[in-house]
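Reader: I am new to this structure and would like to learn how to read it. Can we go through it feature by feature?

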Amino acid sequence: MSWIMSFTFASVCFVILLLEAAHAAQGHFAHQLLNDLMENYSSALRPVEDTDKTLNVTLQVTLSQIKDMDERNQVLIAYLWIRQTWYDAFLKWDKEEYDGLEVIRIPSSLVWRPDVVLYNKADEDLPSPVDTNVVLRYTGEITWDAPAITKSSCVVDVSYFPFDNQQCNLTFGSWTYNGNQVDITMAMTSGDLSDLVENVEWECDGMPATKNVIMYGCCSDPYPDITYTLLLRRRSSFYVFNLLLPCFLISFLAPLGFFLPADSGEKVSLGVTVLLALTVFQLVVAESMPPSESVPLIGKYYIATMTMITASTSLTIFIMNIHFCGPEAKPVPRWAKVLIIGYMSRIFFVYEVGESCISSLARNKNADKCHSLNHQQKPPRQNPEPTRNPSGISCCPDDEKLPSASMTFEACIFCGLHTDGFAGDPKLIKNVEYIANCFREQKSTSLKVAEWKKVAKVMDRFFMWIFFAMVFLMSILIIGKSS
């Protein structure tokens, strides 16, 4: 067994030595091949045997990463792998003469390279191509893979921001050679996205490629180029939660300003605060968007909401003037009592404490009838004795209450009933009648002020539901346009 193991070990060592010798031989032939190829070679001229012959360059672009999309400056920054393949007529060899050597890798600066550049480049500097190695085959085929971080101009349409789609073009072509000298063809019908690193803001839906042949005004020769159209769709979750959703919530505060009691003194302050908050969000959107005539969708929503809040604040000021009508104000008009206090208060469920729908309307009718009778049946000042109300209706419900126990006159004296205990003292009766009239005037004024306050409250509730409907409608519209 020992001699078998020794033989196996010796065989392995022999094979390793043969492989090392082969590699050493290939390395020697590679140096000899490079010297032979570069002996009379020039990288300054097109590598074609016939100068009238067109050199074909095959272009393939692989998108590795979308680094940034600068909407304000309209610049797309991308990381690309660019592969160019062409045939060099002066870099061929017989592989049998060089121990079957088929492929060598040499610096790209030693060979002729096509001057294919990005036409819509937005970078200030024009860097030279990356000096990566080229793969040279014995047939003369040269493959050059070079990475590149490109800054290209891209026309950004933000009309539907943050639910927008963008199309950015990457146009590659020769800078000095026309189509009769260097023709560019596509290796694939689209860009390669197999190695794409996902971007947190943008999602790539494709990268189709098209070949264009353009005749420029300066020259009569055709200039071919290949345009890769990068189809981008914005991931809107970040903007929905940080810009759109706060705007939704703030816009719903505008109708709630009408629900805030007028006596709190904070109705106008709430409207102004909401308006300032929306202004801050609008400035954030304006800083990131390019200055253009097309207003973003979210910007339109901000403007509509700010207009609505401005209108609600103006209406709040108007309603507060109605609420704080003083005793010198005119009585509530008849149509306002019937329409606003009588019907709209029941539609919007605006009742005072302990008041129902039926009792509110009945009390308003009785109060109108009582006040009209009170003004019509005022006793003359020259007659010291009060007279009974001919209609038999009490002037005010409080007049029917019994006076305190310390008073000796009857309760009906306030309505003009004759009492024997006060018939001989006209001055006392006159004073009591004056006090009663003052109480009646005070109650009439309080009722008038209360009616104006109720009108203001009903109008508040009416505008609250109107503005709630407007906010809901605008929210539905912006969601419908985004889908």
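Author: Start with a term: a residue is called buried under 20% relative accessible area, exposed over 50%, and partly exposed in between. Keep in mind that this is a predicted model.

Reader: Is Phe241 buried or exposed?

Author: Phe241 has a relative accessible area of 60%, so it is exposed. Phe241 sits in helix 2. Together with Leu245 and Leu249, Phe241 makes a nonpolar surface patch of about 320 Å².

Reader: How should I read the spacing of residues along a helix?

Author: The general idea is that an α-helix has 3.6 residues a turn, so residues three or four places apart point the same way. In this structure, Phe241, Leu245 and Leu249 share one surface patch. Helix 2 also has buried residues, among them Leu244, Cys247, Phe248 and Ser251. For Cys247 the relative accessibility is 0%, so it counts as buried.

Reader: How many residues does helix 2 have, and what is its reach from the first C-alpha to the last?

Author: Helix 2 covers residues 237-251, which is 15 residues, and spans 20 Å from the first C-alpha to the last. That is close to the 21 Å expected at 1.5 Å a residue.

Reader: Where does helix 2 bend?

Author: The bend is at Leu244 and amounts to about 35°. A proline, Pro246, follows within four residues. Both Leu244 and Pro246 are buried.

Reader: Next, the cysteines. How many disulfides does the structure hold?

Author: In general, a disulfide is a covalent bond between the sulfur atoms of two cysteines. This structure holds one. The disulfide joins Cys154 to Cys168, with an S to S distance of 2.0 Å. Cys154 lies in the loop between strand 6 (141-153) and strand 7 (165-174), and Cys168 in strand 7, so the bond ties together parts that are 14 residues apart in sequence.

Reader: Why is the disulfide of Cys154 and Cys168 called left-handed?

Author: The torsion about its S-S bond is about -75°, and therefore the disulfide is left-handed. Cys154 and Cys168 are both buried. Another cysteine, Cys204, has a relative accessible area of 16% and is therefore buried.

Reader: That loop between strand 6 and strand 7 came up with Cys154. Which proline is found in it?

Author: Pro162 is found there. A cis peptide bond joins Phe161 and Pro162, with omega at about 5°.

Reader: Now the charged residues. How many salt bridges are counted?

Author: The general idea is that side chains of opposite charge can pair when their charged atoms come close. The count here comes to 11 salt bridges. One of the pairs is Lys95 with Glu102, at 3.1 Å from N to O. Lys95 is partly exposed at 21% relative accessibility, and Glu102 is partly exposed at 31%.

Reader: Which parts of the chain does the pair Lys211 and Asp183 tie together?

Author: The side chains of Lys211 and Asp183 meet in a salt bridge of 3.0 Å, N to O. Lys211 lies in strand 10 (residues 209-215) and Asp183 in strand 8 (residues 182-186), so the parts tied together are 28 residues apart in sequence. Lys211 is partly exposed at 35% relative accessibility, whereas Asp183 is buried at 19%.

Reader: What does Asp205 form with Arg233?

Author: Asp205 and Arg233 form a salt bridge, with their closest N and O atoms 2.5 Å apart. Asp205 is in strand 9 (residues 202-206) and Arg233 in strand 11 (residues 222-234), so this pair ties together parts that are 28 residues apart in sequence. Salt bridges with shared partners join Glu198, Glu203, Asp205, Arg233 and Arg235 into one network.

Reader: Which residues other than glycine have a positive phi?

Author: Gln74 has one, with phi at about 55°. Gln74 is in the loop between strand 1 and strand 2 (75-87), and is partly exposed with a relative accessible area of 27%. Asp99 also has a positive phi, near 60°. Asp99 is found in the loop between strand 2 and strand 3 (103-107), and counts as partly exposed at 42% relative accessibility.

Notes. Residues are numbered from 1 along each chain as its sequence is written. This is a predicted model: local features need pLDDT of at least 70, side-chain atom pairs count only at pLDDT 80 or more; totals for chains, interfaces and linings use all residues. Side-chain values use heavy atoms; hydrogens and water are left out. A disulfide is a pair of cysteine sulfur atoms within 2.5 Å. Helices (H or I, at least four residues) and strands (E, at least two) are DSSP runs, numbered from the N terminus. Buried means under 20% relative accessible area, exposed over 50%, partly exposed in between (1.4 Å probe, protein chains only). The expected span of a helix is 1.5 Å times one less than its number of residues. The bend at a residue is the angle between axes fitted to the seven residues ending there and the seven starting there. Patches are made of residues with over 30% relative accessible area and no salt bridge: like charges are joined within 9 Å, nonpolar side chains (Val, Leu, Ile, Met, Phe, Trp, Tyr) within 5 Å. Accessible areas come from the Shrake-Rupley method with a 1.4 Å probe; for residues, only the protein chains shown count as cover. A salt bridge is a side-chain nitrogen of Lys or Arg within 4 Å of a carboxyl oxygen of Asp or Glu.
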